[in-house]
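Please open the structure in a viewer and keep the selection tool at hand.

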Amino acid sequence: MTATETAQTSAPGSGTPGGTPKGGIPSALTAGHLKPRTPWLILVGSLALSAIVFGVLATGTGEYNWAGALIVGLIVYAFAVWLFSYLVEGRRRATDRLVTAIVTGAFLLAMAPLISVAYTVVSLGLNRFDLEFFTSSMRNVTGEGGGALHAIVGTLLMTGAAAIISIPIGLMTSIYLVEYGRGKLARGITFLVDVMTGIPSIVAGLFAYALFALFFGPGIRLGIAGAVALSILMIPVVVRSSEEMLRLVPNELREASYALGVPKWLTIVKVVLPTSIAGIVTGIMLSIARVIGETAPLLIAAGFTQSMNYNLFEGRMQSLPVYVYTQYANQGNPASAYLDRAWAAALTLILIVMLLNLAGRLIAKFFAPKFGR
């Protein structure tokens with residue numbers, strides 16, 4: 001055996017990845033690194049300790065606080081994993097594990113209400129998720145039965161009209177700000193868009209109601225008025241998202257098009273927009289999801305009705321958010337029937353938003369530049 005082999009054999013940690021002490025038994029402590037399963041064992045022990053403590057405290061009250069036990073267990077885990085890592089791995093690795101535990105805990109804390117809301121809506125909404133709910137309205141219904149067809153139609157009509165109004169205006173505004181806008185006018189438009197982004201929805205509803213009241217008199221309620229109120233909320237979102245996507249298009253693509261003699265407007269249509277279409281469609285879908293669940297502006301501008309209405313320019317029009325509100329706020333006998341309809345309408349609204357987002361992703365994927373190459 002050479003001197004080099006003898007030194008390697010006698011060196012600590014040689015022969016096994018984790019290091020082998022004199023006794024020949026691998027030990028993570030001597031290697032200065034925790035085993036992969038050690039943090040999981042610490043987590044299980046922390047949760048078990050917290051569960052025992054809260055179980056002892058619950059003997060007097062009779063109610064076990066599951067949320068408190070979980071939160072305290074995670075806090076104990078963060079401190080324990082930092083302490084073990086500090087003793088074995090050193091300060092830098094211990095700090096890394098502590099920050100990882102804090103970030104993971106924050107993520108779980110943020111996901112908890114989302115999961116809870118989704119579970120509640122699905123579990124309670126399925127009680128009235130039947131054929132009658134999607135094929136009938138609430139006309140002449142005072143107790144059980146009835147449906148939300150009139151609200152679904154109203155939501156789709158008003159949201160679609162708002163999209164028709166908002167998308168061209170918002171997209172052309174963003175094109176002007178990125179491609180043409182310079183000086184005080186562009187800065188003024190940007191400032192107004194920022195102000196509109198923070199407008200409360202109730203203000204948009206009051207503006208739409210006042211605008212139509214000037215022409216048709218006080219007390220007017222129309223579906224198109226609700227669409228105008230939604231478009232006021234939708235336009236700044238479309239402008240901001242589209243503007244950011246257009247700014248991401250490399251200037252080299254524009255310059256190459258100009259070098260071939262292509263005019264600016266055709267460069268925007270054939271080069272800039274196709275390159276950024278995926279992000280633009282995503283922003284538009286986000287803006288639709290932003291306004292489709294609004295209640296206050298539609299309650300003021302479009303009102304509510306129990307009957308079907310397919311005409312945006314005549315009579316009141318129901319929407320799903322207003323339907324949920326009216327069913328919950330004006331409960332009759334039996335109250336469970338009204339609550340079931342409200343939860344079913346909420347679930348329907350969530351499914352519509354999900355389908356719109358899926359459709360937007362498919363459209364963005366289909367029109368992405370790679371399909372044209």
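At roughly what angle do the axes of helix α14 and helix α15 cross? Select residues 320-329 for α14 and residues 335-366 for α15: the axes cross at roughly 160 degrees and come within 8 Å. Axes here are lines fitted to C-alpha atoms, for helices over the stretch in contact, with angles running from 0 to 180 degrees between N-to-C directions. α14 and α15 are therefore roughly antiparallel (over 145 degrees).

This is a predicted model, in which local features need pLDDT of at least 70 and side-chain atom pairs count only at pLDDT 80 or more, whereas totals for chains, interfaces and linings use all residues. Residues are numbered from 1 along each chain as its sequence is written, and side-chain values use heavy atoms, with hydrogens and water left out.

Next, display the side chains between the two helices. In α14, the contact residues (heavy atoms within 4.5 Å) include Leu320, Pro321 and Tyr323; among their counterparts in α15 are Tyr338, Leu339 and Arg341. The residues of this contact divide into twelve nonpolar, two polar and one charged.

Now select residues 342-364, one of the spans that an unreviewed UniProt entry lists as "transmembrane region". Its end C-alpha atoms lie 33 Å apart, and the span is 100% helix.

Finally, select Asn140, in the loop between α6 (131-135) and α7 (149-180). Asn140 has a positive phi of about 65 degrees although it is not a glycine. At 74% relative accessibility, Asn140 counts as exposed (over 50%).

Terms used: Helices (H or I, at least four residues) and strands (E, at least two) are DSSP runs, numbered from the N terminus. Buried means under 20% relative accessible area, exposed over 50%, partly exposed in between (1.4 Å probe, protein chains only). Angles under 35 degrees count as roughly parallel, over 145 as roughly antiparallel, 65 to 115 as roughly perpendicular and the rest as oblique. Ala, Val, Leu, Ile, Met, Phe, Trp, Tyr, Cys and Pro count as nonpolar, Asp, Glu, Lys and Arg as charged, and the others, Gly among them, as polar. UniProt positions are given in the numbering used here, feature names are shortened, and annotations may be inferred rather than shown by experiment.
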